Amino acid sequence: MKTYDTQHADTSPVIEEIFASIENHRSGYFLIEASAGTGKTWTMEKIILKLVLRGYEIDSILAVTFTEKAAFELSGRIRKSLEEYQDQCYTPVIARALKKFNSAGIFTIHGFARKVLQEFGSIHPFSSDSSIVDGQQFFMDTLEIFLRRKDISENEYIRAFLSENSIDDLKKLFMDAFKTGSEFYEESCLTTENIESKIISCLFPLLINLVEQTATWQNLSTFDDLILNLKKALEYERGEPSILMSLRKRYAVGIIDEFQDTDAAQWEIFRKIFMHESKTSLLFLVGDPKQSIYSFRGADLNVYFNAKNEIRENPYGKILTLDTNYRSSPGMIDVAEKFFREGFFSSPNQFTAGIKCGKNTQWFESPAFSSLNVLEFSSTCPKEEVASSMAGMISTLLKTDGHFKAVLNENGEVQHTRITASDIFVLTRTLNHAKLMEEKIRELGIPCFIFKKNDLYSRESAKQILEILRAVRTLDPDLVRKSFLTDVFGLSLKDISEPSGRVDEAWNVIRKWNSYARQHKFAHLFEEILSDSKLAENLFVRKEFDKYHDFETIFEELFNRALGSKSGIEGIVKNLENFMNGRFNDDVSGNIDISKNPDDSEAVQILTGHKSKGLENEIVFYFQTSRHGSFRNRIATTFSEGRMLWWSGKITDKKKEKEINNILKFEEELENQRLFYVVFTRAAKALFLPFFVLSGKKPSGAAHLKAQGARIDQLKKMPSANIRFFEYPFEYPSEIIDNKQSENTEKNIPEFPEDRKPPDLTRRGITVESYSSIKHKLSSGVKTLNYSSSYEKDDRGAEFGTMVHEIMELVDLDSFRHSYTYDEWMILGTTTDLMLKIRNMYEISEMSVETGFRMCYSGYTVEIGITDSRKIRLFQPPVIKREMEFLEKITPSKLSGLNPEIASSLDPDGFIRGIIDYAALIDDEIWIIDWKTDFLETYESKAIDLHVMENYSIQMQLYSQAGEKIAALHENTRYGGLIYVFLRGLISGQDGFWVMKSYD
């Protein structure tokens, strides 16, 4: 069978088989089983393209994905695929599809349900205009009210339970019961001999009734309500035509992604719409049962296998398999074949043998490690020791030579690139394990962060931002006074209870921010909240650095969503409310990383195995322990013959108890096997896995390690070049010299090394900084910008300088290689897209925006002589780093010319913060470039020399120190020098750059 490269081919054997079947009859039902890395999204994208080419209207295709992120990605890829095809070969059907693309049916399941309920609200009785809330959070909020009721708090069962347990245990008991589903108390397997059973059987129905009443009074619906209401609506026959018939007429094709995570109600919806005899239709189910790890959220794998059997038995049905992995290296493919071959999984979701490698030109190369690295620990080894050992392995990868990502280029040459921190994932069983790994990695001086998701918007930071924005939006006195109590103002109840100068000053600030909001100046608004308010001072004094970063991240997300929108402050407040109530956060797979770390471009990412689904990285470490307990709830549940069974506490019938425990044990074993498969397949090139043995060198008996341990024990008896075993304690090499590293090894400029101790911002040190993007305007705890509401001229103010630096940072450097003149460059798609973005961000005249783009083009394309014989254009260096922040701890003696007045303005620990606009590697030399928008009367070389000496002598020395430190991190690399590029001089036709060579 021919192997296709998904980067270049427009078909594959599976797609060819699908369309051969469609040619024979217009109906067809296909289940596509797609193991990790086998091009699932690419396959869906190409199916849709080929359907459009065969005459299917784009709005007659319904594509449903599991998360909003996946829906957004699929939509973008489909549009791009259509556009690329149209560029190569104009086709009327593609042109029509692009014209109608905004009406394409690409949704999450909940988004689709809500759209249908709203559209057909007039002909069915189910609510369609209610507000959508996160079901679990709403339940917890109602539970708090329920437990405060006198009749509940004094209930004899509650009092008996709390005599031996905490209030948190009680809340967990109710939450466990809630997670089993709303019908569980109708099919009861509860015993009555224990207190938990009595609480659930007597009180839980009362709580559910309160939840339902509260939702009705407040006109609220949950995501689960959307699905159930849509299912009921499709069964509702009144009205002409029925909703079901309308949807069948509208959609000729259905594509359901991540089908292994579907529940019975969701499947019934799509089955009704597409699997019928009244008309021709196509249905594609795409999934992988080995990656079904969300049974605790309601996903029922039985639904997958029942649907698979139904399609197999249908005369128009086909079961297809994607058999080429485009994610993993040959070594990882080989190891996966050995690890997951027949016998690993205890259920029908077997590993597909014979997976081909579609990425055989890339691999992990190391003298010390291999594709699978098994770290052997005693089963009694403390988890702290395991975490420290794995952190030591990470340090070895990053701080010693010889560990590479190897690539075979088109000329058959091997190119080596050093492993960096951002190439590494650390996956864990639990969040507590993630925190432990973060602690151990940071102890070794390695930047890292815990991959965060929806919890960002449940924190106090989000609540405070909402209070501030609501006050800014309305100027309502009650809301404004409430905002004064936040960290942004830091006033107390006593302060706001009586008139004072501080309150008057705070009111003036709120009014100014209201003015910004009315003018849509959200960059000004967010920057001032972060930098000009009391926020930084209040939080940094209390050392709440993470909380300040939460403010930054939320403002960045709100700002990005506001770009191009005309909804104003109302839309921003609504977006934040949607984030907080889960409207944008129904991404249960953990694919959305909205809580970014400032150093995430060069940091190890730590996340739980459940959140890793859909992600990948070069190297993965999996941290687990030998004594991880069962995740069973107090309320135990399982699916049996399509029904959910549930029970609580001990069961007097020993036979029944044994039967139930066996079911639970088996389901837990399956869940752990699938979770491990997900973890294993996140690694593109190498996996580091702990293995726990007893004194007799036998696999540990821990439940979650059973299948892993048995297979690893087998692999030890089958030596392989792709598997290495390490016995604890490990010996970490202090230095590894790899003779394979040659001239074609790519060099990476690391982030400027920072002293991680933040400066004391109660005494703000001087800041050496270029004006840059909103990201960097929001990234500093010190005050750096102070906008004025008007300027003498658009292109002379601070905002113009900020805009120019934004353009210089965001412009696509490849665009300069595809154009020979400014006019050619301006009509490129990447340039026009950037100009549109800049115009949305800045209230500057179009003439001044064009001036900024002329400066950008001139700055990157002008020839600069860096040596007597060497000239360079700044878009050309092979290695470039833009907007590199540093935090330098200095003493006055380090800077010649640092006068006492400036020295006294440093913070007590002697910190100076800086941002380097542009650093490049040119002929083994590190060069630092700084963009200047200074307005000079003349840009002759003598005038520029004088201007630099009068204004930038200290900055010049700081940047030179930074360049020397960066160069010192690499062998055979030295600091070349500093270039100031005066952009106004370049567009005026005069001199525009100033060069200081290090050896001058």
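Guide: Let's begin with Thr-108, which is buried: its relative accessible area is 7%, and under 20% counts as buried. Please keep in mind that this is a predicted model. Thr-108 belongs to strand β3. A polar atom of its side chain lies 2.9 Å from the backbone nitrogen of Gly-111.

Now let's step back to the sheet around this residue. Six strands make up an open sheet with parallel pairing, in the order β3-β2-β6-β7-β1-β8. Strands β3 (105-108) and β8 (317-322) are at its edges with a single partner strand each, so one side of each has no neighbour in the sheet. From one strand to the next, the twist averages 15 degrees.

What is the partner of β3? Strand β2, covering residues 61-65, pairs with β3 in the parallel sense over four bridges. Within this pairing, Val-64 of the structure stands opposite Phe-107 in β3. Helix α5 (residues 109-119) packs on the sheet here, touching β2 and β3, and its direction makes about 115 degrees with that of β3.

Another helix, α2 (residues 40-53), lies across β1 (28-34), β2, β6 (253-256), β7 (282-287) and β8, and runs at about 165 degrees to β7.

Side chains of opposite charge can pair when their charged atoms come close. Glu-57 forms a salt bridge with Arg-96, with 3.1 Å between the closest N and O atoms. Glu-57 sits in the loop between α2 and β2, while Arg-96 is in helix α4 (residues 92-99), so the pair ties together parts that are 39 residues apart in sequence. Are these two residues buried or partly exposed? Glu-57 is partly exposed, with a relative accessible area of 26%, and Arg-96 also counts as partly exposed, at 36%. Both take part in a network of salt bridges that links Glu-57, Asp-59, Arg-96 and Lys-100. To set this in context, a search of the whole structure finds 35 salt bridges.

Definitions and conventions
Residues numbered from 1 in each chain as written. Predicted model: local features only at pLDDT ≥ 70, side-chain atom pairs only at ≥ 80, totals over all residues. Heavy atoms only, no water. Pairing = 2+ DSSP bridges. Helix = DSSP H or I, 4+ residues; strand = E, 2+ residues; numbered from the N terminus. Axes fitted to C-alpha atoms, helices over the stretch in contact; angles between N-to-C directions. Contact = heavy atoms within 4.5 Å. Buried < 20%, exposed > 50% of the residue type's maximum accessible area, 1.4 Å probe, protein only. Polar contact = N/O pair within 3.5 Å; in protein donor to acceptor, adjacent residues only side chain to side chain. Salt bridge = Lys/Arg side-chain N within 4 Å of Asp/Glu carboxyl O.
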